[in-house]
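Here is a briefing for a reader meeting this structure for the first time. Please look over the sequence and the model before reading on.

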Amino acid sequence: METITIKGKSMLSYMADLLERNDANKIELDRCREANKTLRQMNNQMRLQLESDKFEYRRNKDVIVSSS
């Protein structure tokens, strides 16, 4: 039986390497997704904080104007 080689490796070894790289890529993709989710949560939190600060500023501004 003839051994099939791909890029200087046996076909079985070559396919095992591809599967290993695929698993590593999946892990990296999952890490990126989690980082993206975390950044979105942080962004949403900052937006809410900004809106809260704007509201407080307007409320305090109105109190100062009406007490003058």
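Why are Lys 37 and Glu 34 separated by about one helical turn? The two residues are three residues apart in helix 1, and therefore about one helical turn lies between them. This is a predicted model, in which local features need pLDDT of at least 70 and side-chain atom pairs count only at pLDDT 80 or more, while totals for chains, interfaces and linings use all residues. Residues are numbered from 1 along each chain as its sequence is written, and side-chain values use heavy atoms, with hydrogens and water left out.

**Confidence and overall form**

- The mean pLDDT of the chain is 90, and 93% of its residues reach 70 or more, where pLDDT is the predictor's confidence in each residue, from 0 to 100.
- The chain has one helix and two strands, which follow the pattern β-β-α along the sequence; helices (H or I, at least four residues) and strands (E, at least two) are DSSP runs, numbered from the N terminus.
- Among these elements, strand 1 (residues 5-6) has the lowest mean pLDDT, 80, and helix 1 has the highest, 92.
- The radius of gyration of the chain is 29 Å, whereas a compact globule of 68 residues would have one near 11 Å; the value is taken over C-alpha atoms, and the globule rule is 2.2 Å times the number of residues to the power 0.38.
- Along its principal axes, the C-alpha trace spans about 100 × 15 × 10 Å.

**Salt bridges**

- The count comes to six salt bridges, each being a side-chain nitrogen of Lys or Arg within 4 Å of a carboxyl oxygen of Asp or Glu.
- One of them joins Lys 37 and Glu 34, whose closest N and O atoms are 3.5 Å apart.
- Another links Asp 30 and Arg 33 at 3.8 Å, N to O, and these residues are also three residues apart in helix 1, so about one helical turn separates them.
- Asp 17 forms a salt bridge with Lys 9, with the closest N and O atoms 2.2 Å apart.

**Exposure and surface**

- Of the 68 residues of the chain, 1% count as buried, a term that means under 20% relative accessible area, with exposed over 50% and partly exposed in between (1.4 Å probe, protein chains only).
- Arg 33 counts as exposed at 52% relative accessibility, whereas Asp 30, at 43%, counts as partly exposed.
- Met 15 lies in helix 1 (residues 11-67) and counts as partly exposed, at 45% relative accessibility.
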